[in-house]
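This briefing is meant to be read alongside the sequence and the coordinates. Please keep both in view while going through the points.

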Amino acid sequence: MRKITRALVSVSDKTGIAEFCAALAEMGVEILSTGGTARLLKGKGLPVKDVSEHTGFPEMLDGRVKTLHPLIHGGILFMRSNEEHVRQVRESGIAPIDMVVCNLYPFEKTVARPDVTLAEAIENIDIGGPSMVRAAAKNHADVAVVVSPSQYEQVSAEMRANGGALGPQTRFELAVAAFRHTARYDAAISEYLSAVGLDGPPPLLWLELERTESLAGGFDKNRPAALYSGPRGVRGGLAESSFAGGPEPDAAELAALGAAFEACEPAGPDAVSLVSGGVLVWLRAGRDPLEAIADAGKAGASRPLFLGLGRALDEDAARAVRESFAELDGIAAPGFEPAAVELRRRDERWGKGLRLLEAQPLEKAPERRFTPVEGGFVVEEAPAAEESYAVLSKREPDDRDWFEAVLARGLLKFYPPCACVLVREGELVGFSGFEPGTLQAAGSAVKRASQRSRGAFAAFRGPVDAEILPRLFSAGVRGVVCDASGSADERAAALANRYKAVFIAVSSETDDTGDAR
């Protein structure tokens, strides 16, 4: 165990720093600090020694040079077990620094501003901070390095339990986190500067992924696999979900659970979905969830079978699931009430094999889409989150039409590019598989829906040929939503008018050809 006697504290993110330093001071740690951090700590009444007083050299160059000094870096880097190092620092009057608490200038936050200038970005490139962090991390056998407010509680608790000391494993783990911190910082700087003055795709991208869960296997069950979150800046989504019960899923089971939950998101909190064999086969929205669960159990879907819910699984819903499904492989929901988890644990039919995924909605989508190809990736800008819906038919959609048009459009992501989806009264009644074109996809979806296609709303990804529409409208489809296609939309709208149906064209920008919603 290595006792901490002196700490250098210099942070940009000052969350919790006063409390952490108070804990250090209580354990007899001398605190060195700089600039705004020192002023904050002194304002809280904590004993702080300015770095300039420690080095005998003032801060200069508008704060660019504060800690770049042998009395700082020598105190961090000398090896306590090396007699020659100890002799040299003693002769040079260098005091040991046993802990560095430092997080870096907010470069990513700065360059995220649309009005940021190159000069502002350059000034937010930290020099002294990364130097100290890397020095302390390199010498972690003797020095602890703390780079995040999330580490303060763990570090102070271990020090209290060990007379002000930290163990070698903790110092090693802190060093790993520190190198990850500086690597991410350098990657952000390199990526930003590489794209300065350039239009189009940047010449350099850093793809940062962080493991969040282990898996029972990959899509090939015999291969080890894990779940990673990323790339940088993405928040929420399947990669940040957690397992609430049951065995670890493999990659295919995880993907099915994720699809079951994600399908419910555009449909609202009352939605219930089923994924069978990796395919979204059933969904209902806008009805009583307990009734929807009962109807899902009658859908005749085969295993592996995964249930998605738009709201947390409570005890009533858990009982409905138990009564409706003889066999089920997993449930994905935004939460699980304790009574529901306990009911699942006691149920002999489900046993320990039912997987529970506490799913997180995607709060911030990735800015780019990465598609693997042999030897690399195709990288493209992510599609616009907001779409503009323009009514081109004479018949105006009512609230039900709008709900089902948007719902059907949202469900297209779970099917191949040429797919057709049919929604009727909030229920997924028809969909196509891997068809060679939209004409065949429409026929497949209508065939699957059978009589339920009458009164349904159809959705396509991309523009559709006008020749498809008579087939759909003759089957009773009341409306179609698809990507805008310019002049071809006029013919499609004319056909919709002939059948007194709704036709909606979608674009990523506001369209002046009709009423946008």
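The model is predicted, and its chain is divided into domain 1 (2–197), domain 2 (236–360) and domain 3 (385–508). Between the C-alpha centres of domain 1 and domain 2 the separation is 46 Å.

**The five-stranded sheet**

- Five strands form an open sheet in the order β4-β3-β2-β5-β6, and their pairing is parallel.
- The edges are taken by β4 (49–50) and β6 (144–146), each of which has a single partner strand, so one side of each is left without a neighbour in the sheet.

**Helix α8 and its surroundings**

- Helix α8 (residues 128–138) is mostly covered, in that eight of its eleven residues are buried.
- Those buried residues are Gly128, Gly129, Pro130, Met132, Val133, Ala135, Ala136 and Ala137, and they pack against the strands β2, β5 (99–103) and β6 as well as against the helices α4 (70–77) and α10 (168–194).
- Thr182, which lies in helix α10, is in contact with Leu104, Pro130, Val133 and Arg134 once its neighbours within four places in sequence are left aside.
- The relative accessible area of Thr182 is 2%, and this residue is therefore classed as buried, a class that requires a value under 20%.

**The pair α13 and α14**

- Two packed helices are described by the angle between their axes and the distance between the axes.
- For helix α13 (residues 315–324) and helix α14 (residues 338–346), the axes come within 7 Å and cross at roughly 30°.
- Because angles under 35 degrees count as roughly parallel, α13 and α14 are described as roughly parallel to each other.
- On the α13 side the contact involves Glu315, Ala318, Arg319 and Arg322, which meet Ala339, Ala340 and Leu343 of α14; the residues of this contact divide into four nonpolar, no polar and three charged.
- An α-helix has 3.6 residues a turn, so residues three or four places apart point the same way.

- Along the chain Glu327 and Leu305 are 22 residues apart, while their C-alpha atoms are separated by 8.0 Å.
- With its neighbours within four places in sequence left aside, Glu327 is in contact with Arg303 and Leu305.

**The β18–β19 hairpin**

- Strand β18 (residues 368–373) pairs with strand β19 (residues 376–381) in the antiparallel sense, over six bridges, and in this pairing Phe370 stands opposite Val379 of β19.
- The two strands, β18 and β19, form a hairpin with two residues between them, and in the turn Gly375 has a positive phi of about 85°.

Notes: Residues are numbered from 1 along each chain as its sequence is written. This is a predicted model: local features need pLDDT of at least 70, side-chain atom pairs count only at pLDDT 80 or more; totals for chains, interfaces and linings use all residues. Side-chain values use heavy atoms; hydrogens and water are left out. Domain bounds come from an automatic or database domain assignment. Axes are lines fitted to C-alpha atoms, for helices over the stretch in contact, and angles run from 0 to 180 degrees between N-to-C directions. Helices (H or I, at least four residues) and strands (E, at least two) are DSSP runs, numbered from the N terminus. Angles under 35 degrees count as roughly parallel, over 145 as roughly antiparallel, 65 to 115 as roughly perpendicular and the rest as oblique. Contact means heavy atoms within 4.5 Å. Ala, Val, Leu, Ile, Met, Phe, Trp, Tyr, Cys and Pro count as nonpolar, Asp, Glu, Lys and Arg as charged, and the others, Gly among them, as polar. Two strands pair if DSSP finds at least two bridges between them. Buried means under 20% relative accessible area, exposed over 50%, partly exposed in between (1.4 Å probe, protein chains only).
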